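This report describes a protein model chain by chain. Please look at the sequence and the structure before reading on.

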Amino acid sequence: METILKIEDIEKYYGNKASLTKAIDHISFEVKKGEFISIMGASGSGKTTLLNCISTIDRVTSGHIYLEGKDITKLKGNELNKFRREELGFIFQDFNLLDTLTAYENIALALSIQKVSPKEIDKRIKEIAKKLNIEDVLKKYPYQMSGGQKQRVASARAIITNPKLILADEPTGALDSKSSKMLLESFENLNKELQATILMVTHDAFTSSYASRVIFIKDGKIFHELIRGKDTRKEFFDKIIDVVTLLGGNLNDAL
Amino acid sequence: MMLCKLSLGNIKKSFKDYAIYFFTLILGVAVFYIFNAIDSQTIMLEVTSSTREIIKLMTSMLSGVSVFVSFVLGFLIIYASRFLMKRRHHEFGIYMTLGMGKGSISKILLFETLLIGCISLLVGLGLGIMLSQVMSIFVANMFEANLTKFTFIVSVPAIIKTIGYFGIMYLIVMIFNTISVSKCKLIDLIYSNKKTEKVRLKNPILCVLIFIVSSCFLGYAYYMVTATYGTLETLIIPIALGCVATFFIFWSLSGLLLRIVMSLKNFYYKGINSFTFRQISSKINTTVMSMSVICIMLFLTICVLSSALSLKNSLNANINELAPVDIQLMKSLDMNETALEDGYSIEQIEDSKISIDETLEKLNFDSYRYFKDAVDVTIYATNELTVKDSLGAYYETSKNIYPTIDYTTAESIISLTDYNKIAKLFHKEEISLNENEYAVVADYDSWVDIRNESLKLKTPISLNGKEYVPKYEECIDGFVYISSNHINAGLIVVSDSVVQNLPREQEVLTANYNASNEEAKNEIEEKILALNEEAYASNTTISGSTKISIKEASTGLGAMVTFIGIYLGIIFLISSAALLALKELSESADNKNRYRMLRKIGVDEKMIRKSLFTQIAVFFLAPLLLACIHSIFGIKFCNLILNSMGTDQLLGSILMTAGVLIFIYGGYFLITYYCSKWMIEEK
């Protein structure tokens with residue numbers, strides 16, 4: 001499998017010399033095409049900062065991030081927007097759907113800013129809606145949908161552009177357990193059927209147990225790494241819990 | 001003390017939000033001061049006593065208008081402070097969870113209002129005092145007076161008045177704020193910024209229907225004001241109709257516009273157009289009422305400004321044509337005892353038996369020394385010949401179109417020789433008549449129209465039992481009485497022999513001053529005015545109008561109308577522009593999240609800027625556009641009312657109005673755009 005994302009010794013500092021916070025402290029890892037990776041860590045461990053750096057929302061202090069061999073830390077201005085538009089798909093904890101648009105229009109927006117024709121947009125939305133089981137909410141506005149439906153619409157928007165990498169920031173954070181399960185199953189499907197590469201940030205062991213690899217972060221450093229291999233989800237989940245315990249029980253709300 | 005600190009911090013922090021509000025308040029205060037200080041500014045002008053009278057009248061009218069203006073500004077301030085309050089609900093929620101009582105929150109608001117009020121008053125008054133010095137030059141120019149000495153004037157009464165009026169406004173705002181705080185629920189406050197907007201698409205068929213119906217009503221209202229000669233009372237119906245139709249047009253427009261754009265799939269799904277038009281639609285949707293009010297205010301601004309400016313210009317332009325001589329003296333003739341009931345004295349009735357010349361002699365005025373080119377004519381009138389009679393068969397039609405005219409008025413009649421004498425003096429066309437013919441002289445457009453209809457029908461008139469037919473099929477352009485406007489509603493000219501047996505109504509003596517330069521003319525004018533002091537003056541009904549006084553009066557009237565027009569126009573303009581700007585800016589906080597989302601999914605800055613520009617432009621243009629359409633008919637109506645004043649200058653004044661509009665409204669638009677852009681930028 002080819003490497004799609006390569007993170008090379010990145011650092012991110014906040015503050016000034018007097019009080020320096022190292023949000024990310026020399027992290028390096030690689031993501032292969034078709035992987036489903038979960039990054040776990042407690043609040044303040046630096047996991048969201050890491051995701052923001054990969055998504056070019058934030059800039060690294062030092063180090064390099066390569067997406068398919070291209071150094072994205074060197075991008076500037078509108079190149080950044082273009083990069084985000086064409087190479088990445090985003091899924092956020094609070095969905096980030098535009099409340100004035102219908103589900104259909106929200107998904108269409110991701111394509112229309114890439115100048116895809118309305119006909120093509122329509123075709124692709126219908127396809128993806130079937131896969132994510134949101135056909136009946138396409139005409140609804142965000143306020144008329146449940147949390148799970150909103151997150152699936154957001155997922156549809158993220159993957160409809162066939163991005164190289166899907167970034168998910170606490171995707172189940174605002175969902176109940178049933179919706180979480182449904183969403184994660186759709187992630188699994190996307191990962192397996194479409195070979196979508198997913199990088200997810202979470203502090204929830206259950207959510208992580210759907211991934212193929214889990215990277216643990218503590219105080220801005222990689223603390224441990226787990227690979228699912230041939231384990232069942234339950235076995236993998238138990239392993240994750242073990243590591244979480246080892247981390248010092250900081251993830252109180254892991255279960 | 002803590003509360004003061006909080007308030008200060010808040011104002012500093014939310015200066016961006018307050019900037020436009022602040023700016024508008026300062027402008028409002030400054031304009032208010034300037035127009036109330038005009039009284040003091042005119043003191044240094046060298047003007048005649050009659051102009052002084054007009055200035056006095058003007059300042060009292062301006063202070064009346066100020067009351068109205070303070071209402072407009074008061075509503076604006078209350079509305080604006082409600083916007084700004086909403087922005088801060090979350091902040092208040094936090095204070096309350098920390099255990100702060102509603103009383104303390106009210107105190108914070110009180111302190112803030114006080115602070116903003118004081119600062120805006122101070123800065124506004126400063127600005128007003130500066131600008132009012134420039135205003136003096138403008139005032140002098142308007143009254144065509146010499147600015148002999150320039151002094152820096154600060155009008156204390158105007159300052160006190162401004163502080164008083166705005167103080168009351170701020171007090172009302174405080175009361176409103178306190179009430180609205182006491183009504184707030186903590187849960188609503190805390191979650192106020194989490195509330196998502198509920199989008200409801202209106203039924204498209206209903207929208208189309210309402211749009212068509214209101215357009216029809218609007219069209220009918222336009223028809224009513226322009227096609228028929230309305231009076232101010234009959235205006236109420238089209239005005240009410242127009243207001244309601246305006247409201248429903250905006251109501252249906254928000255739904256309709258979106259539907260139309262949505263059906264254009266290639267356009268709607270291009271870039272972030274779908275987002276842009278959803279934003280516009282929701283903006284119009286939530287501001288239908290204020291949009292309508294703004295539209296009507298803009299409409300009034302355009303009409304008031306362009307009419308006022310054109311009135312001023314045409315008033316001055318007409319004088320040389322309509323007052324071609326220096327003086328005209330009029331005196332009622334042959335009054336009898338019934339005049340006693342109308343308030344005339346025995347002496348006056350006695351005086352009405354003698355001629356103007358004889359009366360002037362009694363007043364010790366040597367008319368041969370002071371007057372030249374004198375023409376003395378007699379006007380006759382009899383109840384035998386009323387307006388109704390002279391209109392003949394056309395009377396019924398005319399009564400339907402112009403129901404407000406008094407058709408029982410006796411017509412004024414003049415002999416052919418007398419009229420030709422006047423016409424010669426005024427350089428007008430002289431006429432000739434046969435024994436059995438008559439002619440009508442008029443220059444008041446509406447009346448000319450009426451009389452032409454009747455003349456076309458060859459309506460005969462009868463005097464002393466004999467019939468006369470019109471010589472011409474239309475009115476002769478001309479007049480007898482000098483004035484600043486075309487006000488001659490109609491004068492019947494008949495052969496000299498006809499008037500011999502008619503009752504005399506008035507003697508009119510028209511003359512030029514026997515002087516070669518302006519100074520000498522002014523001296524004679526002073527002598528004429530001094531005649532009022534003569535002992536015999538109360539025994540006569542003699543009255544007069546002079547070119548100089550007509551000129552002064554019309555300059556004064558023009559200046560007065562212009563000042564009131566500019567005053568109201570500017571206040572309306574800044575109020576409506578500020579309303580739009582505040583509405584737009586107060587939503588920037590919600591919008592900031594939306595734009596952040598758009599950026600995250602990779603929308604270009606350029607696209608975002610374009611979208612923002614389109615949104616604000618449509619938001620500002622929608623009411624302006626409808627207001628312009630309203631104004632086309634509004635100005636037409638104003639013209640109908642003012643057509644005696646002449647309308648040659650209309651284009652110029654419309655251009656000037658457009659200039660003012662673009663400057664103020666466009667300025668607000670640009671400020672709003674740049675502020676919004678600044679607010680949604682990621683730092």
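## Domains of chain B

In chain B, 31 residues of domain 1 are in contact with 24 residues of domain 2. Contact here means that the C-beta atoms of two residues, placed from the backbone, lie within 7 Å. On the side of domain 1 of chain B that touches domain 2 of chain B, α2 (15–36) and α4 (49–87) of chain B each supply at least two residues. The helix α4(B) gives the most to that side, with 18 residues. Sorted by class, that side of domain 1 of chain B has 22 nonpolar, 5 polar and 4 charged residues. Ala, Val, Leu, Ile, Met, Phe, Trp, Tyr, Cys and Pro count as nonpolar, Asp, Glu, Lys and Arg as charged, and the others, Gly among them, as polar.

The model is predicted: local features need pLDDT of at least 70, side-chain atom pairs count only at pLDDT 80 or more, and totals for chains, interfaces and linings use all residues. Residues are numbered from 1 along each chain as its sequence is written, while chains are lettered from A and ligands numbered from 1 in the order in which they are written.

The assignment for chain B lists domain 1 (1–195), domain 2 (198–320 + 548–662) and domain 3 (365–533). Such bounds come from an automatic or database domain assignment. Taken over C-alpha atoms, the centres of domain 1 and domain 2 of chain B are separated by 25 Å.

## Strands and a helix residue in chain B

Helices (H or I, at least four residues) and strands (E, at least two) are DSSP runs, numbered from the N terminus.

Helix α6 (residues 102–142) of chain B holds B:Leu110. Is B:Leu110 buried or partly exposed? B:Leu110 has 19 C-beta neighbours inside 10 Å, so it counts as partly exposed. A residue is buried if 20 or more other C-beta atoms, placed from the backbone, lie within 10 Å of its own, exposed if 12 or fewer, and partly exposed in between. B:Leu110 and B:His427 are 317 residues apart along the chain, and 70 Å separate their C-alpha atoms.

## Chain A

Chain A has 8 helices and 10 strands. Its C-alpha trace spans about 50 × 45 × 35 Å along its principal axes. A compact globule of 255 residues would have a radius of gyration near 18 Å, and chain A, with 18 Å, agrees. This radius is taken over C-alpha atoms, and the globule rule is 2.2 Å times the number of residues to the power 0.38.

Of the 255 residues of chain A, 47% count as buried. In helix α1 (residues 47–54) of chain A, 6 of the 8 residues are buried, so this helix is largely enclosed by the rest of the structure. The buried residues include A:Lys47, A:Leu50 and A:Ile54. Just after α1(A), A:Thr56 has a positive phi of about 65°.

## Where the chains meet

Between the chains, 23 residues of chain A are in contact with 25 residues of chain B. The side of chain A that touches chain B draws at least two residues from each of α2 (77–87), α3 (103–112) and α4 (118–132) of chain A. By class, that side of chain A has 13 nonpolar, 5 polar and 5 charged residues.
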